[in-house]
Amino acid sequence: MDSDVSQNISSTIGVSGLMSIVVSLFCIGLSWWALQNLKLDLFIRHPKGAQGKLLQLLLAVVLGHFVAKFLIDYIGWSNMIRYMF
């Protein structure tokens, strides 16, 4: 009985972790796609160079992380609503 509960908790945590990874990667990809339209040449000397692309990648990771964190938090909050009643 105790191992069934432990296994259920482990599987729930595993699914939650996998969902977080997938949502994060999706949001980073979406951010990268959206940043392709940004005119970086207004801010960077050589936007097509390695440093320009690295900056664009880092911006995509940061923006994607914040969007993914919001979505994951929102899913968690909406799951908590069921315990209100």
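Let me start with a term that I shall need: a patch is made of residues with over 30% relative accessible area and no salt bridge, and nonpolar side chains are joined within 5 Å. The model before you is predicted.

In this model, Leu-63, Val-67, Phe-70, Leu-71, Tyr-74, Trp-77, Met-80 and Tyr-83 form such a nonpolar patch on the surface. Together these residues have about 890 Å² of accessible area.

Consider two members individually. Val-67 is found in helix H2. At 36% relative accessibility, Val-67 counts as partly exposed. Phe-70 is also partly exposed, with a relative accessible area of 49%.

Phe-70 brings me to the aromatic rings. How many aromatic pairs does the count come to? The count comes to one aromatic pair. That pair is formed by Phe-70 and Tyr-74, and it is tilted, at 6.0 Å centre to centre with 35° between the planes. The two residues are four apart in helix H2, which spans residues 50-80, so about one helical turn separates Phe-70 from Tyr-74.

Finally, I turn to the annotation. The unreviewed UniProt entry assigns "transmembrane region" to residues 12-34 and 54-77. What is the helix content over residues 12-34? There the chain is 100% helix and 0% strand, and the end C-alpha atoms lie 33 Å apart. Over residues 54-77 the chain is likewise 100% helix and 0% strand, with 34 Å between the end C-alpha atoms.

Thank you for your attention.

Conventions. Residues are numbered from 1 along each chain as its sequence is written. This is a predicted model: local features need pLDDT of at least 70, side-chain atom pairs count only at pLDDT 80 or more; totals for chains, interfaces and linings use all residues. Side-chain values use heavy atoms; hydrogens and water are left out. UniProt positions are given in the numbering used here, feature names are shortened, and annotations may be inferred rather than shown by experiment. Rings of Phe, Tyr and Trp (its six-membered ring) pair if their centres lie within 6.5 Å; planes under 30 degrees apart count as stacked, over 60 as edge-to-face and the rest as tilted. Buried means under 20% relative accessible area, exposed over 50%, partly exposed in between (1.4 Å probe, protein chains only). Patches are made of residues with over 30% relative accessible area and no salt bridge: like charges are joined within 9 Å, nonpolar side chains (Val, Leu, Ile, Met, Phe, Trp, Tyr) within 5 Å. Accessible areas come from the Shrake-Rupley method with a 1.4 Å probe; for residues, only the protein chains shown count as cover. A salt bridge is a side-chain nitrogen of Lys or Arg within 4 Å of a carboxyl oxygen of Asp or Glu.
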